[in-house]
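I opened this entry to keep track of what I looked up in the structure, one topic at a time.

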Amino acid sequence: IALHAKILEARGEAKYERSAEQMAKDSEIAKTYTRNMFRRHIEESKWLTKKIKLRDQAIAALPVELQEEGREMDYRPAPMDRHIWTEFPPIPGFGEVEHDDDKKDTKDKKADKKRK
């Protein structure tokens, strides 16, 4: 930040100074943000730890001959024809690719309409 301040001063930009009151307010906002983000991090860590424990319990509940297979990672790609459910219906016409042949056909049809 000091380097940026030097560059701005070299360009003749006015130096931005904050009052002690503004600095205290900014400091309190930063502390609140940090506390909330740390709280969020702790909650996510708890959630992840819980999932790992549940996974390990599920593997332990498997028959002995299947436990080793249960510990292996599954790196197979998801099926390409799998339907992914969404909350909303698809938007009509969104994401449809128009090919060059289709463009030519529509231009020919428009030209035919103008001739008639």
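I began with Leu48, and I noted that its place is in helix α2. This is a predicted model, and I therefore checked the confidence before going further, pLDDT being the predictor's confidence in each residue. The protein averages a pLDDT of 83, with 81% of the residues scoring at least 70. Helix α2, residues 20–61, has the highest confidence, at a mean of 96, whereas helix α4, residues 100–115, has the lowest, at 61.

Surface patch. I asked which residues make the nonpolar surface patch. I found that Trp47, Leu48 and Ile52 make it, and that its area is about 320 Å².

Salt bridges. I next asked how many salt bridges the structure holds. The count is 6, and I wrote down some of them in detail.

- Glu28 and Arg35 form one of them, and I noted 3.5 Å between their closest N and O atoms. Glu28 has a relative accessible area of 40% and so is partly exposed, and Arg35, at 43%, is also partly exposed.
- Lys46 pairs with Glu43, the closest N and O atoms being 3.8 Å apart, which falls within the 4 Å that a salt bridge requires. I wanted to know why Lys46 and Glu43 are separated by about one helical turn, and the reason I recorded is that they are 3 residues apart in helix α2. Glu43 is partly exposed, because its relative accessible area is 46%.

Loop. I then turned to Leu62, whose place is given as the loop between α2 and α3 (64–71). Is Leu62 buried or exposed, or partly exposed? With a relative accessible area of 32%, Leu62 is partly exposed. I also looked up what Leu62 touches, leaving aside residues up to four places away in sequence, and I found Gln67 and Gly70.

Definitions and conventions:
Residues are numbered from 1 along each chain as its sequence is written. This is a predicted model: local features need pLDDT of at least 70, side-chain atom pairs count only at pLDDT 80 or more; totals for chains, interfaces and linings use all residues. Side-chain values use heavy atoms; hydrogens and water are left out. pLDDT is the predictor's confidence in each residue, from 0 to 100. Helices (H or I, at least four residues) and strands (E, at least two) are DSSP runs, numbered from the N terminus. Patches are made of residues with over 30% relative accessible area and no salt bridge: like charges are joined within 9 Å, nonpolar side chains (Val, Leu, Ile, Met, Phe, Trp, Tyr) within 5 Å. Accessible areas come from the Shrake-Rupley method with a 1.4 Å probe; for residues, only the protein chains shown count as cover. A salt bridge is a side-chain nitrogen of Lys or Arg within 4 Å of a carboxyl oxygen of Asp or Glu. Buried means under 20% relative accessible area, exposed over 50%, partly exposed in between (1.4 Å probe, protein chains only). Contact means heavy atoms within 4.5 Å.
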